[in-house]
Amino acid sequence: MISFLKKLFNRISSTKKSGALGNEPRLAFSKSLTDEPVHKFQADADVHKLMIKATRIRKEEGYPRAIQFLQDLAEHYLKEQNTAMVACINKLIPYMKRSENLKNEEIIAYLKDYIDRAPDTDPYFLNLHITMADLMKSFDYKKAIRYLTQFLNEKGSDINTYNHQIFLAELYLETDQPNEAKHILQSARELLQDGKLERINHIKKERKWHRTCAKLNLSLPGEICKSKFIYHRFMEFSLDMARSLDPMQIGQFQERKDLYYKQERGFSKDEKYLKAISDLGLDETKDSLLRDIYGFCFEEMPAVLGVSRKQFNYKPGDDESLEELQVKKRFYKKPFTEINTLEERVNKIIKNYLKWGGNENC
């Protein structure tokens, strides 16, 4: 590996001297193209704002400058052992792929170096392995599957590798291997049962599981699988709404609800969903089905998840005691224990329209 990197640096250095590389950023593992960053950044700035800045640099000055900016930032995050490095690398790798002078194996070497140097202080850094599998997927699905399989064999299948398992299941689905995907999904779901996950993280993982189960059933033939696809899509939707439900920021829930009613989010333009509805003979009742699902998620689910009517209808300026405010502030710390109730309620609605009704695993 060391000899490869030396050859890589020597080749890039000689190419730059000859002028063939132009303004493309040099592959740098510990420092950027220049001694001083062209674009400075506030080290403690919000990472999302810095990613927006990288997008602006890319649009205004091109990929080379944006890549250099992200390389400088990634190196800073690595030195600080800041998990924001993952978001930075995830932004950087697609930009590097757009560079005509960087080959796939060179980008892999760059990413591998960050993976090797990432600290073990936080399991979130393990998400870089998903970044690597996604990079490999862009040119070789089999290589991506082998990489993630080996990673899971080494690290084990636990909650810290849950996202890796789901990503591997999706790779299997994209390569027409539904049985392998189903096996992973069945075992991954068991990891969510211990009740120790932080609330929003738990909801996100449940949503990711249902979304992938929807993809699984869409790939399979038969009326039951189409029905399961509809069920998992509705569960994915309900969890999307549950994720935005926080009495301290109830306006976000209302705004997301409006996006669904305005059909800026949702099912009206989802061709796969509409085809499944049609195949199940639900064209005439699809509006009432969706109305029932929306009615539950928008009006009933907040109470199921523990949001009071007063909290749900709160408007800025309304009277509120200190005790009521403290209760609202503690909400996000509550464990997410209502998944079974949500599944039962969504399943009950579906049973009114479909022959099949059940939520057993995937």
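A nonpolar core is taken here as a set of buried Ala, Val, Leu, Ile, Met, Phe, Trp, Tyr and Cys residues that are joined through side-chain atoms within 4.5 Å. In this predicted model, the largest such core has 61 residues, and those with the most contacts inside it are Leu 70, Tyr 77, Met 85, Ile 89, Met 96, Leu 168 and Leu 185. Helix H4, which spans residues 84-97, gives the most to this core, contributing nine residues.

Turning to the protein as a whole, the secondary structure comes to 17 helices and zero strands. Of the 362 residues in the protein, 45% are buried, and the accessible surface comes to about 19300 Å², with 47% of that area belonging to carbon and sulfur atoms. Among the contacts between residues at least 6 apart in sequence, 67% join residues that are at least 24 apart.

The cysteines deserve a separate word. The structure holds zero disulfides. Buried means under 20% relative accessible area, and Cys 88 counts as buried because its relative accessibility is 0%; Cys 297, likewise at 0% relative accessibility, therefore counts as buried.

Technical notes: Residues numbered from 1 in each chain as written. Predicted model: local features only at pLDDT ≥ 70, side-chain atom pairs only at ≥ 80, totals over all residues. Heavy atoms only, no water. Buried < 20%, exposed > 50% of the residue type's maximum accessible area, 1.4 Å probe, protein only. Helix = DSSP H or I, 4+ residues; strand = E, 2+ residues; numbered from the N terminus. Contact = heavy atoms within 4.5 Å. Areas by Shrake-Rupley, 256 points an atom, 1.4 Å probe, with all protein chains shown as cover. Disulfide = S-S within 2.5 Å.
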